Amino acid sequence: MAITSTSGRRPWTFYALAAFFGAYVLFLYGPMLCIYVLSFSGPQGGLSFPMRGFSLHWFRQLIDQGDTGDLVGAISRSLPLALVVMVITVVVCFAAGMAFRTRFPGSGVLFALVVASLVAPGYVLGIGIGLMFQLLGWEPTWYTSALGAQLSWTLPFGLLIMFAIFGRFSRSYEEAARDLGARPLQSLRLVVVPILLPGIIAVALFGFTLSYDEFARTLQSVGSNNTLPIEIWSMTQNVTSPSIYALGTVTTAVSFVVIGVALGAIALIQRRRAAGIAMRRA
Amino acid sequence: MDATVDPAAVARAGAAPGAVELAGLVKRYPNGTLAVDGVNLRIPPGSYCCLLGPSGCGKTTTLRMIAGHEEPSEGEILIDGANVVGQPPRARGTAMMFQSYALFPHLSVRDNVAFSLRVRGVGRAERLREADRVIEQVQLTALATRLPGQLSGGQQQRVALARAIITRPRVLLLDEPLSALDEFLRLQMRAELKAMQQQLGITFIHVTHTQLEAVAVADQVVVMADGGIRQAATARAIYTQPDSAYVARFMGGQNVLSGVVETSEGGIATLRGPGGAGYVLRIGTQAMPVGRTVAFAVRRDRVRPATDGAPNSITGQVRAVEYQGTFVKVTLVAPAGDFVAYVDEGAYFRAPVALGSTASFGWDMDEAHQLTTE
């Protein structure tokens with residue numbers, strides 16, 4: 001009774017949790033905000049406050065490639081890599097989610113093998129992949145060894161999300177489709193995928209952002225041409241200007257655009273469904 | 001290619017469609033569980049059959065095998081004389097209404113109903129026209145553009161029914177169709193199901209665990225337990241002439257008693273029950289050996305107040321009195337076990353009994369029914 005708002009007094013746990021949340025927000029957004037703000041400082045700006053002037057100077061520096069690294073090249077590798085990882089993650093995890101609904105011989109062992117990759121130290125795994133390629137005499141590149149390294153991270157993640165999605169998906173939808181004469185592919189195309197589409201987009205989003213941000217596994221397996229996070233990291237080793245902050249602002253913006261596109265796609269699908277229904281009503 | 005049969009065409013040919021015969025049907029799961037254990041059943045064409053039993057009795061598994069969503073381990077399923085085991089549902093001429101309806105949540109009522117035509121490649125205009133015709137049949141025209149999530153339980157059930165009957169099945173299989181509805185809707189929808197069955201003239205096979213639901217709609221009630229059939233008969237026969245103590249107890253409305261045969265002559269046996277009660281029971285033409293234990297059932301609503309010690313009566317202590325509107329349920333604790341009397345409301349209040357007091361109820365010999373099987 002004392003917990004209800006009618007009494008007017010909140011329990012002490014409310015204040016403890018509120019303080020904790022406040023600290024969380026401060027630690028998450030405070031540093032990010034500092035970086036975004038400083039990235040807009042003037043040509044005389046430094047790496048710390050106080051801010052000197054206001055300009056887009058450091059963003060221009062990024063493109064001019066003066067003392068910064070090969071950013072355009074890094075993005076031109078990171079984006080297609082993230083897209084490929086996304087597609088493979090969605091397709092493989094969806095198929096695995098379908099398969100894992102029934103227990104089959106060895107399904108427990110297989111699941112453990114896949115999920116073990118989540119607890120394996122990513123950095124060590126990356127070194128191992130680099131070593132393996134060296135041993136086999138193959139050249140490590142972002143589209144071979146780094147792709148494999150990133151999939152070892154996104155696949156178990158995607159699989160766990162797929163399990164949650166399929167856990168709420170009733171088998172009776174497929175049985176109903178079959179009962180009504182649908183062949184397996186029709187059932188998949190007309191029933192299973194449309195019902196699960198929001199979850200599938202969520203897995204795609206995860207696959208993309210996990211790849212686009214991936215560092216530990218990629219560092220030792222990417223070869224000579226860096227992906228964006230590695231390029232940023234190497235810049236922090238030798239670039240001492242706010243252009244590093246400008247880069248942080250740009251990559252965050254890209255991430256937000258990707259998330260926005262994904263959420264927009266979900267909203268569009270729902271609106272189109274509603275519109276389609278309205279159209280048929282007319 | 002399309003093996004479904006137009007029920008109207010079969011009806012014109014003379015016989016109603018949808019004769020179902022189960023022969024030695026067994027379902028054994030890989031872990032060794034025997035879900036259905038040798039079911040033999042003949043369901044007449046164009047009839048309403050209820051598979052009735054507690055959960056785990058094998059009724060849903062039997063239904064799913066007829067539907068083609070589960071393959072029997074042994075036995076045959078004949079629909080209009082042809083063995084359909086191994087065939088997909090549409091080729092069998094069956095359609096199923098799922099327990100939770102399984103309406104596709106992303107499709108409108110109309111697209112749900114038209115689904116079976118869509119996967120068969122029927123053009124959009126034609127399939128929607130046909131869907132609208134069936135939607136009208138279930139009186140949902142005003143809601144045809146809604147999504148299932150925007151419908152009430154009863155409306156969803158009608159969509160499920162429309163989606164199933166648009167395939168023109170010979171046999172409609174209904175898995176606990178009323179369990180998701182509240183009491184009021186349940187009574188309404190079961191009447192609608194029965195009316196729809198008579199209108200279509202096809203066979204309905206309806207799985208339920210509710211006795212009153214089964215006897216209300218079914219031409220044939222099949223009582224199942226432990227993977228087998230205990231009794232299959234008309235609703236009235238199941239209710240008034242159960243074969244076994246199990247069926248009598250499961251259907252309710254009966255007191256199950258037993259006694260040891262003392263004499264047996266001319267189709268009538270005298271029995272001695274627990275506590276020395278004497279019973280007179282009409283038996284078959286064959287005499288019964290003295291000393292054998294015979295079970296019989298007495299309808300709860302056919303007993304009347306009696307004097308202590310009279311033949312065909314039970315005396316016991318009143319343990320519970322429940323007012324039920326049209327009658328009063330009086331439960332006695334007697335040496336023979338619990339005995340329940342449904343006393344007419346008016347009669348009860350002319351001579352009420354007090355909790356804890358002693359009361360006697362008796363019956364005419366013809367109201368007792370011998371239970372012939374275990």
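Guide: Six residues of domain 1 of chain B are in contact with five residues of domain 2 of chain B. Contact here means that the C-beta atoms of two residues, placed from the backbone, lie within 7 Å. On the side of domain 1 of chain B that touches domain 2 of chain B, strand E10 and helix H10 (235–240) of chain B each supply at least two residues. By class, that side of domain 1 of chain B has three nonpolar, two polar and one charged residues. Nonpolar covers Ala, Val, Leu, Ile, Met, Phe, Trp, Tyr, Cys and Pro; charged covers Asp, Glu, Lys and Arg; the others, Gly among them, are polar.

A word on the ground rules. This is a predicted model, where local features need pLDDT of at least 70 and side-chain atom pairs count only at pLDDT 80 or more, while totals for chains, interfaces and linings use all residues. Residues are numbered from 1 along each chain as its sequence is written, and chains are lettered from A and ligands numbered from 1 in the order in which they are written.

Now the two domains themselves. Domain 1 of chain B runs over 7–240, and domain 2 of chain B over 247–371. These bounds come from an automatic or database domain assignment. The C-alpha centres of the two domains of chain B lie 39 Å apart.

Stay with E10(B). Strand E10 (residues 228–233) of chain B runs antiparallel to strand E9 (residues 220–225) of chain B, with five bridges joining them. Two strands pair if DSSP finds at least two bridges between them. One bridge sets B:Val221 against B:Ala233 in E10(B). E9(B) and E10(B) form a hairpin with two residues between them. In its turn, B:Asp226 has a positive phi of about 50 degrees.

Strand E11 (residues 254–265) of chain B is antiparallel to strand E12 (residues 268–272) of chain B, over five bridges. B:Ser264 stands opposite B:Ala269 in E12(B). This hairpin also has two residues between its strands. There, B:Gly266 takes a positive phi near 55 degrees. E11(B) has another antiparallel partner, strand E14 (residues 293–299) of chain B, joined by seven bridges. In that pairing, B:Val260 has B:Thr293 as its bridge partner.

Four strands form an open sheet in the order E2-E1-E4-E5 (chain B), with antiparallel pairing. Strand E2 (34–43) and strand E5 (82–83) of chain B are the edges, each pairing on one side only. Strand E4 (residues 74–79) of chain B meets E5(B) over two bridges. B:Ile79 is partnered there by B:Ala82. Helix H2 (residues 59–67) of chain B lies across strand E1 (20–28), E2 and E4 of chain B. The helix runs at about 115 degrees to E1(B). Such angles run from 0 to 180 degrees between N-to-C directions, with axes fitted to C-alpha atoms, for helices over the stretch in contact.

Last, the neighbouring chain. The contact between the chains takes 18 residues from chain A and 20 residues from chain B. On the side of chain A, helix H7 (172–179), helix H8 (184–213) and helix H11 (243–281) of chain A each give two or more residues. H7(A) gives the largest share, six residues. That side of chain A has eight nonpolar, four polar and six charged residues.

How confident is the prediction in chain A, by mean pLDDT? Chain A averages 84, and 92% of the residues score at least 70. The pLDDT is the predictor's confidence in each residue, from 0 to 100. H7(A) has the highest confidence, at a mean of 94, and H11(A) the lowest, at 75. Over residues 278–282 of chain A the pLDDT is below 50.
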